[in-house]
Amino acid sequence: MASRGAPQLSAHTMRKSLPYNVLNRTTAKPTEAQWEYDTVLKDAIARLDLPEDIEVPQEDAWKHLVKAAADKNTSNYGGYLLREKIVHFLSQRLGVEEAYRVHGDEIEKCRIEMPFFVLGLPRANAMMGTHVIARTGCVYCPTQQDTFAP
């Protein structure tokens, strides 16, 4: 029997980890104003110090994504993480667009004659093959981090 002063925890709350519960209780859920597309766009532009008038590719799709994420029923911390991920990916996309705008003529001059890809299952040592190929100096081998955020 629980004591009178102890809070009653539901089975759902008890299944969550302690760090999750602490983060969820100490993180504020994003407000409706923070979920507005213009606010998300402004935060994405500020992350990379891009010009304010940058053109957003597929802007309607981004607006739809932000609205759908805002309507999602999440915990405080989950809402915070979801918004942070959207801002991050939008800022990365805008960064690619800005790099292409600034260096587009140079990028278009570079031709890739015969691309090839090294693919492998996890723990199958594909990275070792990639390192061996990259050491020749004739081939560019991006790291995993480069492919996520060019």
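Modeller: Arg-101 and Glu-98 are 3 residues apart in helix H5, so about one helical turn separates them. Keep in mind that this is a predicted model.

Biologist: What is the N to O distance in the salt bridge between the side chains of Arg-101 and Glu-98?

Modeller: Arg-101 counts as exposed because its relative accessibility is 59%. Glu-98 has a relative accessible area of 13%, so Glu-98 is buried. Their side chains meet in a salt bridge, with an N to O distance of 2.6 Å.

Biologist: Which residue forms a salt bridge with Arg-93?

Modeller: Arg-93 counts as partly exposed, at 31% relative accessibility. The closest N and O atoms are 2.7 Å apart, and the partner is Glu-97.

Biologist: Is Thr-27 buried or exposed?

Modeller: Thr-27 lies in the loop between helix H2 (18–26) and helix H3 (37–48). Leaving aside neighbours within four places in sequence, Thr-27 is in contact with Asn-76, Tyr-77 and Tyr-80. The cut-off for buried is under 20% relative accessible area. Thr-27 has 13% relative accessibility, so Thr-27 counts as buried.

Biologist: Which charge does the surface patch that includes Asp-60 carry?

Modeller: Asp-60 lies in helix H4 (residues 59–71). With 63% relative accessibility, Asp-60 counts as exposed. Asp-60 gathers with Glu-32, Glu-36, Asp-38, Glu-55 and Glu-59 in a surface patch whose charge is negative.

Definitions and conventions. Residues are numbered from 1 along each chain as its sequence is written. This is a predicted model: local features need pLDDT of at least 70, side-chain atom pairs count only at pLDDT 80 or more; totals for chains, interfaces and linings use all residues. Side-chain values use heavy atoms; hydrogens and water are left out. Patches are made of residues with over 30% relative accessible area and no salt bridge: like charges are joined within 9 Å, nonpolar side chains (Val, Leu, Ile, Met, Phe, Trp, Tyr) within 5 Å. Accessible areas come from the Shrake-Rupley method with a 1.4 Å probe; for residues, only the protein chains shown count as cover. A salt bridge is a side-chain nitrogen of Lys or Arg within 4 Å of a carboxyl oxygen of Asp or Glu. Lys and Arg count as positive and Asp and Glu as negative; His and the chain ends are not counted. The place of a charge is taken as NZ of Lys, CZ of Arg, CG of Asp or CD of Glu. Helices (H or I, at least four residues) and strands (E, at least two) are DSSP runs, numbered from the N terminus. Buried means under 20% relative accessible area, exposed over 50%, partly exposed in between (1.4 Å probe, protein chains only). Contact means heavy atoms within 4.5 Å.
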